[in-house]
Amino acid sequence: MATASSCSPLVAVLVALLLVAATAPAPCAAVDPVNTYCARNLSGAPAQASVAQVLSELVPRASAGYYATATAGRGGDGSAIWGLAQCRGDIPAPDCALCASAAARQLAGACRGRADARVWYDYCFARYDDADFVGLPDTGYALILLNTQNATDPEAFEKAQRKVMARVAADAGDAGGGGLARETARFKDGVTIYGLGWCTRDITAADCGLCVAQAVAEMPNYCRFRRGCRVLYSSCMARYETYPFFFPLDGGQSADASASAAGDYDRVVLNP
Ligand SMILES: *[C@@H]1O[C@H](CO)[C@@H](O)[C@H](O)[C@H]1NC(C)=O
Ligand SMILES: *[C@@H]1O[C@H](CO)[C@@H](O)[C@H](O)[C@H]1NC(C)=O
């Protein structure tokens with residue numbers, strides 16, 4: 001698929017050469033972080049060593065299985081660390097591997113010395129903490145990305161979008177869905193609405209449904225009439241767009257459509 005190869009360093013260099021002085025290369029969904037969050041300081045060197053161990057365990061296991069948790073260290077000396085990495089279930093395996101290793105690098109670099117670190121990509125999510133968060137639905141910290149453009153015929157679009165996302169939230173709670181929900185609906189004038197919801201696999205299907213429903217319920221507060229919107233929590237994410245951004249892609253369209261059609265987004269952070 002086009003996405004995997006477009007993320008490879010060689011192709012990235014070629015693309016950069018071709019586009020030099022023309023336009024910035026489109027962001028790659030696997031290796032350019034959408035958001036990084038770091039909080040609190042680690043207690044010391046043993047905890048920092050646990051972080052390195054957890055991240056090095058997460059990368060190969062998440063690359064192979066799309067989801068992994070890992071722990072290292074001991075509670076007694078404050079060196080215990082819990083980690084989780086999750087790829088979006090629809091992406092090709094090479095993109096999962098790229099994303100998981102980019103996420104580990106980002107956490108180790110941007111959040112060095114920190115006790116609570118999280119990074120979001122379009123294709124994956126990773127996190128570590130010095131407290132055990134695994135299995136606990138987390139809808140505290142949130143990043144909302146809203147397209148700066150309104151949809152055409154905004155009232156009708158808003159209604160259609162809410163219908164799509166209500167189906168996404170319902171699907172996300174379905175035990176057979178593996179924490180991934182995709183829905184599309186034809187709007188009008190050739191516009192299709194694409195809706196996606198996904199969860200980290202440590203939470204139950206029921207909690208996944210609730211988490212995505214909460215993300216979807218937040219959308220009208222920030223994204224009313226907007227042609228695209230993302231709500232990113234640490235346990236789930238919900239998104240709609242008017243272009244294809246998840247797999248399988250519509251015939252003939254490349255995943256680069258998601259980057260070139262993305263436009264500008266405003267960012268809102270809740271509970272920083
Ligand atoms: C956290 O660590 C940074 C860098 O080592 C230091 O500057 C800062 O004061 C620390 N914050 C707290 C609350 O200890
Ligand atoms: C979007 O539509 C709303 C309501 O009509 C309007 O207040 C707002 O200015 C519009 N925003 C843009 C970016 O066009």
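1. The second largest cavity is lined by Leu55, Leu58, Val59, Ala85, Ala100, Ala103, Ala104, Leu107 and Ala126. A cavity here is a set of points, on a 1 Å grid over the protein atoms alone, where a 1.4 Å probe fits but cannot get out, and lining residues have an atom within 4 Å of a point.

2. This model is predicted, so local features need pLDDT of at least 70 and side-chain atom pairs count only at pLDDT 80 or more, whereas totals for chains, interfaces and linings use all residues. Residues are numbered from 1 along each chain as its sequence is written, and side-chain values use heavy atoms, with hydrogens and water left out.

3. In the second largest cavity, α3 (45–65) and α4 (93–110) each supply at least two lining residues, and α4 gives the largest share, four residues. Its lining consists of nine nonpolar, no polar and no charged residues, where Ala, Val, Leu, Ile, Met, Phe, Trp, Tyr, Cys and Pro count as nonpolar, Asp, Glu, Lys and Arg as charged, and the others, Gly among them, as polar.

4. The lining of the largest cavity includes Val34, Arg88, Trp120, Asp122, Arg230 and Arg239, and by class it has eight nonpolar, no polar and four charged residues. The largest share of this lining, three residues, comes from β10; helices (H or I, at least four residues) and strands (E, at least two) are DSSP runs, numbered from the N terminus.

5. Domain 1 (4–129) and domain 2 (142–270) each give at least three residues to the lining of the largest cavity, with bounds from an automatic or database domain assignment.

Notes
Chains are lettered from A and ligands numbered from 1 in the order in which they are written. On a 1 Å grid over the protein atoms alone, a cavity is a set of points where a 1.4 Å probe fits but cannot get out, and a pocket is an open set with protein on both sides within 12 Å along at least five of seven lines; lining residues have an atom within 4 Å of a point.
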